[in-house]
Amino acid sequence: MSGRYAFAKGLKEVRFLFCQTGEHSASTRSFLLRAYPIMKKNNPVTPILLREAQGTLPKVYARYEFGKETTQSLEGLSDKQIEDTVTSLVKSEAA
């Protein structure tokens, strides 16, 4: 799984937004508990931001070179589906 999180060169930042207590963010929280250490170990200089806010629907943002930003909703996805979504974003060169 560690190769899945080797980020693309053009990726400048990954940002996760989710609720710290809401049931709709439970899969996102479990994914981050499992995958964050691996992502950070493989990409020590790329910022991976975790933003918790009450009532926030889970989303992931990927910021690339020249300010290009892509977002994906994580609402209703399982841990595995979140992993696939994040992998596609971090491997992309500003889709």
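Here is a short chat about some side-chain contacts in this predicted model.

Reader: What should I know about the numbering and the atoms used?
Author: This is a predicted model, where local features need pLDDT of at least 70, side-chain atom pairs count only at pLDDT 80 or more, and totals for chains, interfaces and linings use all residues. Residues are numbered from 1 along each chain as its sequence is written, and side-chain values use heavy atoms, with hydrogens and water left out.

Reader: Why is the pair of Phe16 and Phe31 called tilted?
Author: Rings of Phe, Tyr and Trp (its six-membered ring) pair if their centres lie within 6.5 Å; planes under 30 degrees apart are stacked, over 60 edge-to-face, and the rest tilted. The count by this rule is 1 aromatic pair. Phe16 and Phe31 sit 6.3 Å centre to centre, with 50° between the planes, and that makes a tilted pair.

Reader: What does that pair tie together?
Author: Phe16 belongs to strand E1 (residues 11–18) and Phe31 to helix H1 (residues 26–42), so the pair ties together parts 15 residues apart in sequence. Helices (H or I, at least four residues) and strands (E, at least two) are DSSP runs, numbered from the N terminus.

Reader: How do you know that Arg15 is buried but Glu69 is partly exposed?
Author: Buried means under 20% relative accessible area, exposed over 50%, and partly exposed in between (1.4 Å probe, protein chains only). Arg15 has 18%, so it counts as buried. Glu69 has 36%, so it counts as partly exposed.

Reader: What makes Glu69 and Arg15 a salt bridge?
Author: You need a side-chain nitrogen of Lys or Arg within 4 Å of a carboxyl oxygen of Asp or Glu. Here the N to O distance is 3.1 Å, and Glu69 and Arg15 meet in a salt bridge. Glu69 lies in strand E4 (residues 69–73) and Arg15 in strand E1, so the pair ties together parts 54 residues apart in sequence. Both residues also belong to a salt-bridge network with Glu13 and Arg63.

Reader: How do you know that Arg15 lies over the face of Tyr61?
Author: The rule wants NZ of Lys or CZ of Arg within 6 Å of the ring centre and within 35 degrees of the ring normal. Arg15 lies over the face of Tyr61, at 4.8 Å from the ring centre.

Reader: Which salt bridges does Arg34 form?
Author: Arg34 meets Asp79 at 2.5 Å, N to O, and Glu83 with the closest N and O atoms 3.2 Å apart. Glu83 is in helix H2 and Arg34 in helix H1, 49 residues apart.
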